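Keep the sequence and the model in view while reading.

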Amino acid sequence: MNLKKAASLVVALTLSVTGLAACNRDGGTAEGGQTIHLLVSTLSNPFFVQLRDGAQKEADALGVKLQIVDAQDDAATQTNQLNDALTTGASAVIVNPVDSDAVVQGVTALLDKDIPVIAVDRGVTDVDVTSYVSSDNSQGGELAAQALAAAISETGDVVVLQGVAGSSASRDRGAGFDEGIAAFADIKVAAKQTANFSRAEGLDVATNLMQANSGVVGIFAENDEMALGAVEALGARVGKDVFVVGFDGTEEGLKAVADGTMVATIAQQPEELGKLAVQQAKKALDDEEVTAVVPVEVVAVTKDNVADFQ
């Protein structure tokens, strides 16, 4: 090979590698496609499985690649996943925070690099993300308070099973419930304790709280998984001596309402949350107008209307 041909080959190879690197910086494949990273708090919860499925269907419909990662409810793991999204060239990121405080640094780093970040179901503390797609958790908490008050004839002691400490969903649902229950002078919140949105922990915490507060007649759990754990802990007393209200409207939660073991659940629309989050991410990538806050309706589901949701 002569020197002229060798020089031409080096230039061609250099241009080829540069083109691939530029394409990767755009967060796509070698063909230039867009890749959205979906960072889910946990896929062991049916609610977030439905959220993931809604996101995947919409990504398929819009022709974008969706890369899904599960933090398994570990804030440190999710921080690493945010860093990975930055270094591997994600086009956009959808984050469902384990902890709304813990994700701040990682989300800010992405935004500083002009990578759109969509928060879904849970917000990011004091950060103006590209878009925030969420149920109205405060309103849902108030609806839960009203449903529980009606079940216990507006009198008696109740306890609250709280979600993951630091998550905006737990804070907002709890604040809404406190505001709603305050309207009933004869109802007292005897105790609150975290059960981390877990059914197994819900069973244990409900058991302990009921032993420590024997006069309790109502339980509000900030998600259906904890509510179902409480139902198991109560056994034959559930729906007779003690009434349980959950939050999410999962398939098992709705069945428990229909069966009478739960008084109510506050139904979200997890598939819709996932779908709308992908829509907002795609709009941001296409330089279209993005909605800063996208609310998704919540509804109190009782035995009277549960058939409409199953």
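At what angle do helix α7 and helix α8 pack, and how far apart are their axes? The model is predicted. In it, α7 (residues 199-212) and α8 (residues 224-234) pack at about 50°. Their axes lie 7 Å apart.

## Helices α7 and α8

An angle of about 50° makes α7 and α8 oblique to each other. The crossing of α7 past α8 is right-handed. On the α7 side, the contact is made by Arg199, Gly202, Leu203, Ala206, Thr207 and Met210. On the α8 side, Glu225, Met226, Leu228, Gly229, Ala230, Glu232, Ala233 and Leu234 take part.

By class, the residues of this α7 contact with α8 divide into 8 nonpolar, 3 polar and 3 charged.

## Helices α2 and α10

Helix α2 spans residues 46-62, and helix α10 spans residues 270-285. Their axes come within 6 Å and cross at roughly 40°. Angles under 35 degrees would count as roughly parallel. The α2 axis is therefore oblique to that of α10. α2 passes α10 in a right-handed crossing.

Which residues of α2 and α10 make the contact? From α2 come Phe47, Gln50, Leu51, Gly54, Ala55, Lys57, Glu58, Ala59 and Leu62. From α10 come Pro270, Glu271, Leu273, Gly274, Lys275, Val278, Gln279 and Lys282. The class counts are 8 nonpolar, 4 polar and 5 charged residues.

## Helices α3 and α4

Helix α3 (residues 75-87) packs with helix α4 (residues 104-112) at an angle of about 10°. The axes are 9 Å apart. α3 and α4 are therefore roughly parallel to each other. The handedness of this crossing, α3 past α4, is left-handed.

Leu82, Ala85 and Leu86 of α3 make the contact with Gly106, Val107, Ala109 and Leu110 of α4. By class, the residues of the contact of α3 with α4 are 6 nonpolar, 1 polar and no charged.

## The cavity

How many cavities of 30 Å³ or more are there? The count is 1. The largest cavity has a volume of about 40 Å³.

Its lining is made by Asn45, Phe47, Phe48, Asp121, Arg122, Arg173, Phe197, Asn223 and Asp248. By class, the lining of the largest cavity has 3 nonpolar, 2 polar and 4 charged residues. Phe47 lines the largest cavity, and Phe47 of α2 is also in the contact with α10.

Methods:
Residues numbered from 1 in each chain as written. Predicted model: local features only at pLDDT ≥ 70, side-chain atom pairs only at ≥ 80, totals over all residues. Heavy atoms only, no water. 1 Å grid on protein atoms, 1.4 Å probe; cavity = no way out; pocket = protein on both sides within 12 Å on 5 of 7 lines; lining within 4 Å. Points joined across faces, edges and corners; volume = space filled by probe spheres on them. Nonpolar A, V, L, I, M, F, W, Y, C, P; charged D, E, K, R; others polar. Axes fitted to C-alpha atoms, helices over the stretch in contact; angles between N-to-C directions. Helix = DSSP H or I, 4+ residues; strand = E, 2+ residues; numbered from the N terminus. Parallel < 35°, antiparallel > 145°, perpendicular 65-115°, else oblique. Left-handed = near helix turned anticlockwise from the far one by under 90°. Contact = heavy atoms within 4.5 Å.
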